[in-house]
Amino acid sequence: MADYIRENGRADVAELSEKFGVSRVTVRRDIDVLVEKGLAAKAHGGVLSLENKLSYETPFHTRLSRNSDAKRRIARQAASLIADNDIIILDAGTTSCEVAHAISQVPKRNLTVVTHDLYIACEIARSGCAELIVPGGTLQRGVFTLTGEDTVGFYRRLHVNKAFLGCDALDCSFGFSNRLTEESSIKRTMTACADEAYLLFDSSKFDRKAFSLVFSPEELSRFTAAITDCSDPRCADLFARAETEFILC
């Protein structure tokens, strides 16, 4: 079924049920598995393949439910690195959203959070766990993210203690990439303005390429550490060659 969806780009539940001779309930259950693995996204009445959609931005709530246990472990590890009086950047994305939630559970004194993700901003504002700063920018529909020159320019004028970046895709030969070029420039700028930068990603992001390069394999040395649940030895070796700490959750 996964091969059929990938080859056709998308498929309806009824079509898959007839094609494979199984019930629609079974088809929906299989689709849920593909969505959880990050290989597909639910569409009206069916499913959309993401394996060849290098620049497709998956809706936020679809991404939020994927690999949620791994994201929470990564987030707790990231939050443990935050100290009292820190000024930090939280990149847009669902793993960073889990970091925001982890911070609210064990708040730090005099913490300042900067983010261009409005969902994360609402989490911080709701919990009151930190001073909140949100840059200007243009809202990307469906993903709660601000982008544009106003956003990049804002980060260029900052100096922070720590930045926590999310990752759309990571490949041993291509490096760290993102679906949207607008977000790639923001990620590079955030990394440059931080004393320490951390790359957060779950195992579904490894061995994949997205449309826009953020950092080549050699440039991963810009990160203080990578925090992940990915146990693939090639992943650990990628960061070892960059002399970047590899933290396995």
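Predicted model: local features only at pLDDT ≥ 70, side-chain atom pairs only at ≥ 80, totals over all residues.

Residues are numbered from 1 along each chain as its sequence is written, and side-chain values use heavy atoms, leaving out hydrogens and water.

**Stop 1: the parallel sheet**

Select β6, β5, β4, β9, β12, β14 and β15. These 7 strands form an open sheet in that order, with parallel pairing. Strands here are DSSP runs of E of at least two residues, and helices are runs of H or I of at least four, numbered from the N terminus. Two strands pair if DSSP finds at least two bridges between them. From one strand to the next, the twist averages 20 degrees. Axes for such angles are lines fitted to C-alpha atoms, for helices over the stretch in contact, and angles run from 0 to 180 degrees between N-to-C directions.

Now zoom in on β9 (residues 160–165) and β12 (residues 194–201): 5 bridges join these parallel strands. Phe-164 stands opposite Tyr-198 in β12.

**Stop 2: the antiparallel sheet**

Select β10, β11 and β13. They make an open sheet of 3 strands in the order β10-β11-β13, paired antiparallel. β10 (169–171) and β13 (212–215) each have a single partner strand, so one side of each lacks a neighbour in the sheet. The twist averages 35 degrees from one strand to the next.

Strand β11 (residues 175–178) is joined to β13 by 3 bridges. Pick Ser-177: its bridge partner in β13 is Leu-213.

**Stop 3: the largest pocket**

Which residues line the largest pocket? Select Arg-72, Arg-76, Ala-79, Ser-80, Glu-98, His-101, Ala-102, Ile-103, Gln-105, Val-106 and Lys-108. On a 1 Å grid over the protein atoms alone, a pocket is an open set of points where a 1.4 Å probe fits, with protein on both sides within 12 Å along at least five of seven lines; lining residues have an atom within 4 Å of a point. The volume is about 170 Å³, taken as the space filled by probe spheres set on the points, which are joined across faces, edges and corners.

α5 (68–79) and α6 (94–105) each supply at least two lining residues. α6 gives the most, with 5.

**Stop 4: a salt bridge**

The whole structure has 13 salt bridges, each a side-chain nitrogen of Lys or Arg within 4 Å of a carboxyl oxygen of Asp or Glu. Select Asp-229 and Arg-73, whose closest N and O atoms are 3.9 Å apart. Asp-229 is in the loop between β14 (225–228) and α10 (233–241), Arg-73 is in helix α5, and 156 residues separate them.

**Stop 5: positive phi**

Most residues other than glycine have a negative phi. Asn-85 has a positive phi of about 70 degrees; look in the loop between α5 and β4 (87–90). Glu-243 has a positive phi of about 55 degrees, and lies in the loop between α10 and β15.
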